[in-house]
Amino acid sequence: MSASMEQPQIELTPWPEAEAELYRAAGYWTGDVLGSILSRGAQAFGDRTAVIAGERSWTYGDLNARADQLASGLNTLGITPGSKVVVQLPNIGEFIEVIFALFRLGAAPIMALPTHRYAEISYFCEFADAVAYIAPAKSGGFDYRDIGKKLKDEGLVRQVIIAGDAGDFVPLDGLYQAPGAAPEIDPSAIALLQLSGGTTGMSKLIPRTHDDYLYSVRASAEICGLSPQTVYLAVLPAAHNFPLSSPGVLGVLYAGGTVVLSESGAPDIAFPLIARHRVTMTAMVPPLALAWMTACDNLKKSGAPPDLSSLQVLQVGGAKFTEEAARRVTPVLGCKLQQVFGMAEGLVNYTRLDDDIDTVVTTQGRPISPADEVRIVDEDDQPVAPGATGLLLTRGPYTIRGYFKAAEHNAKSFTADGFYRTGDVVRLTDAGYLVVEGRAKDQINRGGEKVAADELENHLLAHPLVHDAAVVAMPDPYLGERTCAYVIPQNHAAAPEQRPRPQDLLKFLRERDLAVFKIPDRIEFIDAFPKTRLGKVDKKALRQMIAEKIAPPTVA
Ligand code: OOB
């Protein structure tokens, strides 16, 4: 029997009761549930516009009523309190209706990203024992019904529900029914499952409770100065923790503002939306911020500058934003920059809107909550000297105490006293702000999209001509990092002409139906890996090798 079978597989590791009491007494956990964001919104801001997507819009009243109706229809399909549902919707109004309908039912959406493919989706369905999969018919040129069909064929979910042309599947459209009685929801239960960037194997599922998530949303909305006047443009996939809750879509709805959903962040689509809806705030990853600045500069030069006059705050996070780029934001885009350093597991740091410019461009902010505990330690978990660089550990009122059904992994990812090992290498300034200096986790941060090295290595190892594989980050001026896979071919393919060509390996990976962002940007063949003194693959050496190889030649 494996270790994982011996240990009970707990869905939600609760906070110790003493801490939970403190969080309640301090007013962080209010006992309210996520569904209350809309039910209260309908009372307080009934006729105001809550959501705009394309030519459609929803008032708070509409959205609240639609979520109730949809909850009723989903319930008739057997979705009940405690059910898990894989939701893979792009930035369309239905995404918001669906998640609130599930919150109302006490069912937990698993927040899949539109870029996930069958490899990830089937795993989430199976691992979480999901009852349903909800997806669009088509989006971004991809037909999600193909995933639905395979899930059904493999018996991995009972229901496949499709927004748009549903074919043989259940049409989402048909599920808006007369509302039934709403079940009582326990605020300390799982509200939703976020996905970890992952380091070993597939993404871990991150159980977030109503209590903890709502607190992070409320506190984020306050820090970011949201109000009914806020118009927020969602360009990142709304399921991701950053655009969902930091303060994101949920924060804006909590504050009575308007969410404008866009399926693309490309300047030619986003800039006109900003002008048309007088958008005040948006959130993005560093590469997109760079693309916006370039586009804006070019449009100015061409004599047709975009109208970004309504934009007050640009949030940038998900990966390190260089100081040089950060300094350009206000001069080029004419708005404030807010850096956001967060993680789906919990802890989120913001630079504050009234911080001086040097703090904003040189740090990644400070934690949301006075109750967030931050420890910076060395390899032996000993605190480093004040201001020194070390590994970030954290614990607090909205940071999980354990992944969903992952006892073995939890033992490694959390300290005995409940601190989450973020895997980020940081230092703390005198003013209590964090600066991200690097990463100790075996992951590639590809412009905010996280690739777990081990997961990709396993896919490569499945190829008959691959003996071993080691995946590392290589520097990239645009994405910050890209993915390089070092591959040792099998003995019988050692000679260059017998080796698989890089394009064969890439084709093989694509056929394994994994998210496109996980496909390596480069494949390098090598005879043996450099090793550390302990005999492990020396990834630092590999990172250096590839960085040197791709560095532009220096001019003498
Ligand atoms: C956000 O969440 P995840 O779960 O996709 O990724 C978390 C990891 C962090 O541990 C860190 O390694 C990296 O992404 N990261 C940053 C960063 N923000 C995230 N690294 C450097 N600078 C930053 N500003 O990425 C996320 C969740 C909520 C809000 C914002 C981002």
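Predicted model: local features only at pLDDT ≥ 70, side-chain atom pairs only at ≥ 80, totals over all residues.

Student: OK, what's the phi of Asp 129?

Tutor: Phi there is positive, about 55 degrees, although Asp 129 is not a glycine.

Student: And is Asp 129 buried or exposed?

Tutor: Exposed: Asp 129 has 11 other C-beta atoms within 10 Å, and 12 or fewer counts as exposed.

Student: What about Asp 513, where is that?

Tutor: Asp 513 lies in the loop between helix 17 (502-511) and strand 27 (522-525). Its phi is positive too, near 60 degrees. Asp 513 is partly exposed, with 16 other C-beta atoms within 10 Å.

Student: Switching topic: which bond joins Ser 246 and Pro 247?

Tutor: A cis peptide bond, with omega at about -15 degrees. You'll find Pro 247 in the loop between helix 9 (241-245) and helix 10 (248-255).

Student: Let's go inside. Which residues touch the most other members of the largest nonpolar core?

Tutor: That core has 143 residues, and the ones touching the most other members are Val 85, Val 87, Ile 110, Ala 130 and Tyr 133. Helix 5 (residues 93-105) supplies the largest share of the core, nine residues. At least three residues come from each of domain 1 (33-234) and domain 2 (264-439).

Student: What does Ile 110 touch?

Tutor: Leaving out residues up to four places away in sequence, its contacts include Val 85, Val 87, Phe 124, Ala 130 and Leu 205.

Student: Which domains does the chain have?

Tutor: The domain assignment gives domain 1 (33-234), domain 2 (264-439) and domain 3 (443-550). The centres of domain 1 and domain 3, taken over C-alpha atoms, are 35 Å apart. Still, 12 residues of domain 1 are in contact with 11 residues of domain 3.

Student: What does UniProt place at residues 455-536?

Tutor: An unreviewed UniProt entry has the feature "domain: AMP-binding enzyme C-terminal" there. Over that stretch the chain is 21% helix and 30% strand.

Student: How many bridges join strand 19 to strand 20?

Tutor: Five. In strand 20, Leu 392 is the bridge partner of Ile 376.

Terms used
Residues numbered from 1 in each chain as written. Core = buried A, V, L, I, M, F, W, Y, C linked by C-beta atoms within 7 Å. Buried ≥ 20, exposed ≤ 12 C-beta atoms within 10 Å, placed from the backbone. Helix = DSSP H or I, 4+ residues; strand = E, 2+ residues; numbered from the N terminus. Domains from an automatic or database assignment. Contact = placed C-beta atoms within 7 Å. Pairing = 2+ DSSP bridges. UniProt positions renumbered as here; feature names shortened; annotations may be inferred.
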